[in-house]
Amino acid sequence: MKHYSGLDVSVKETAVCIVDETGRICREIKVVSHPDDLVAVLQDPAWNLERIGLEAGPLSQWLFEGLAKAGLPVICIETRHTKAFLKAQPNKTDRNDARGIAQMMRVNLFRPVHVKTLSSQKRRALLTARKLLQEKAIAIENDLRGLLRNFGLKVGIVGAVKFEERIRELVDDMPDIREIMEPLLASRQKLRDEFTRLHKKVVDIARDDRTCRLLMTIPGVGPIVSVAFTSTIDIPQRFKNSKTVGAVLGLTPRMNESGESKRVGKVSCCGDGMMRMLLHEAAQTLLSVVRRWSWLKAWAMSVARRRGRAKAITALARRLAVIMHRIWSNGTEFCWTRAELAGASHA
C-alpha cells in the first residue's frame, strides 16, 4: 500500500502526518526540525512513501536538500496554494496543517516549487546582505538629516562620498551636537565599507561568470542585475518558453474573468520582489542613461508615447526578463539592431 506524508515546519519542531492511499491517518508525530530527525521517522520500512509534501519557507531549502539526499520523494509546494487549500479547515493547528498537506499529496492537488541549487542560494544570500547594508546606511543618513534639521542645520543635496564631510562642517562649532553625531557617522562609515566589500564580491562573480557576461551585453543590465537573475532563475531549462519568465516574476497583468465580465488589472507582483525591483531599475537605466540607440530602446520609447512612461518601464522590465532568459538559453549576445536580430534568429 502506498503512503503519503505532510510536513508542517516551524523553527523548533515539525509536525509529521502519514496517511495511506485511502486517506486513513497512519501516524502523527512531532520531531525536531532537522533533516536527520525527519529522515529517521520517514525512512521506517513500514511506510511505502510515494510523496512527501513540504511547504516553501525559511527552512524548506535546508530540509528539502537533507531529505532528497536520503533518497526520499520530497516535494516543495507553493505557499499560497497550500494556504488556500488549508483555509477550508475550521481550526488551524500544526497537526491539522500536516494532515491537510498529507491529503494534498495523496490526491495530487499541489503546485511544486523549484528548490534552488546551493550556488544560487549563496549568491542570493550575498545579494540580500549587500542590499541590507545599503538600506541601513541610507537609513542612518536620513536620520542624521532629520536630527540636524531640528537645530536648523540643513544637509542639502550631497553624495555619499561628501556626506560625512558635510555633516562635520555643519556641527563644527557645536561640540555637544558633534559628540552625538560621531557614533552615527562611525556606524554609517562601517556599513558603507562593508557594503563596498560585498559589492566588489558581486562584481567579481559577474566578471568571472560567462552567463553574467552575456547578460551584461544587454543595455541597462549590469553586474547586480545579471547575478540576481542567474540566482533567481537558477536553471533556465525549467522554463519551456522564455515568455513565462515575466509571469513568474510578477510582471504580467492580473486577469479577472467571470461570465461576460473580463477585467485586466495591474501586474500581479508575485514572485521575487528583489528581482522585479532590479529589472525596473535596469529598464529606467536603459530609457534614461544609456545613450546608444537600439531596437529595444526604440520599442520602449514607442510604448512610453502611447501608454505613458510608468507603463513603458514595467513593459520594458518584463521584456528584459524574457530577453535575458533567451540569451542565457541560446548562449548569444544582445543584438542592437533589428537586422542583427533577424540574422541571429535565422542562424
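What follows is a conversation about a predicted model, taking the sheet, the hairpin, the salt bridges and the pocket in turn.

Biologist: In the open sheet of five strands, what is the order of the strands?

Modeller: The pairing in this open sheet of five strands is mixed. Strand 3 (25-32) and strand 5 (74-77) each have a single partner strand and stand at the edges, so one side of each is left without a neighbour in the sheet. From one strand to the next the twist averages 20°, and the strand order reads 3-2-1-4-5.

Biologist: Strand 1 and strand 4 are joined by bridges, but which residue in strand 4 stands opposite Gly 6?

Modeller: Strand 1 covers residues 3-9 and strand 4 covers residues 49-55, and the two run parallel, joined by five bridges. Opposite Gly 6, the residue in strand 4 is Gly 53.

Biologist: In the hairpin of strand 6 and strand 7, which residue takes a positive phi?

Modeller: Strand 6 (residues 253-258) has six residues, of which the number buried is zero, so this strand lies largely in the open. Strand 6 pairs with strand 7 (residues 261-267) in the antiparallel sense over five bridges, and Met 255 stands opposite Val 264 in strand 7. Two residues lie between the strands of this hairpin, and the one with a positive phi, near 65°, is Gly 259.

Biologist: Glu 28 and Arg 95 meet in a salt bridge, so is Glu 28 buried or partly exposed?

Modeller: The N to O distance of this salt bridge between the side chains of Glu 28 and Arg 95 is 3.8 Å. The pair links distant parts of the chain, 67 residues apart, with Glu 28 in strand 3 and Arg 95 in helix 4. Buried would call for a value under 20%, whereas the relative accessible area of Glu 28 is 28%, so Glu 28 is partly exposed.

Biologist: With which residue does Asp 272 form a salt bridge?

Modeller: The closest N and O atoms of this salt bridge are 2.3 Å apart. Asp 272 lies in the loop between strand 7 and helix 11 (273-288), and its partner is in helix 5 (residues 118-149), so the pair ties together parts that are 148 residues apart in sequence. Asp 272 is buried, and so is the partner, which is Arg 124.

Biologist: How many salt bridges does the structure hold?

Modeller: One joins the side chains of Glu 141 and Arg 188, at 2.8 Å from N to O, and both of these residues are buried. Elsewhere Lys 200, Asp 204, Arg 207 and Asp 208 are linked in a network of salt bridges. The number that the structure holds is 21.

Biologist: About how much space lies in the largest pocket?

Modeller: The lining of this pocket has 26 residues, and among the closest to its centre are His 114 and Asp 272. The elements that give two or more residues to the lining are helix 2, helix 3 (79-86), helix 9 (223-233) and helix 10 (244-248). The space in the largest pocket is about 980 Å³.

Key. Residues are numbered from 1 along each chain as its sequence is written. This is a predicted model: local features need pLDDT of at least 70, side-chain atom pairs count only at pLDDT 80 or more; totals for chains, interfaces and linings use all residues. Side-chain values use heavy atoms; hydrogens and water are left out. Two strands pair if DSSP finds at least two bridges between them. Helices (H or I, at least four residues) and strands (E, at least two) are DSSP runs, numbered from the N terminus. Axes are lines fitted to C-alpha atoms, for helices over the stretch in contact, and angles run from 0 to 180 degrees between N-to-C directions. Buried means under 20% relative accessible area, exposed over 50%, partly exposed in between (1.4 Å probe, protein chains only). A salt bridge is a side-chain nitrogen of Lys or Arg within 4 Å of a carboxyl oxygen of Asp or Glu. On a 1 Å grid over the protein atoms alone, a cavity is a set of points where a 1.4 Å probe fits but cannot get out, and a pocket is an open set with protein on both sides within 12 Å along at least five of seven lines; lining residues have an atom within 4 Å of a point. Grid points are joined across faces, edges and corners, and a volume is the space filled by probe spheres set on the points.
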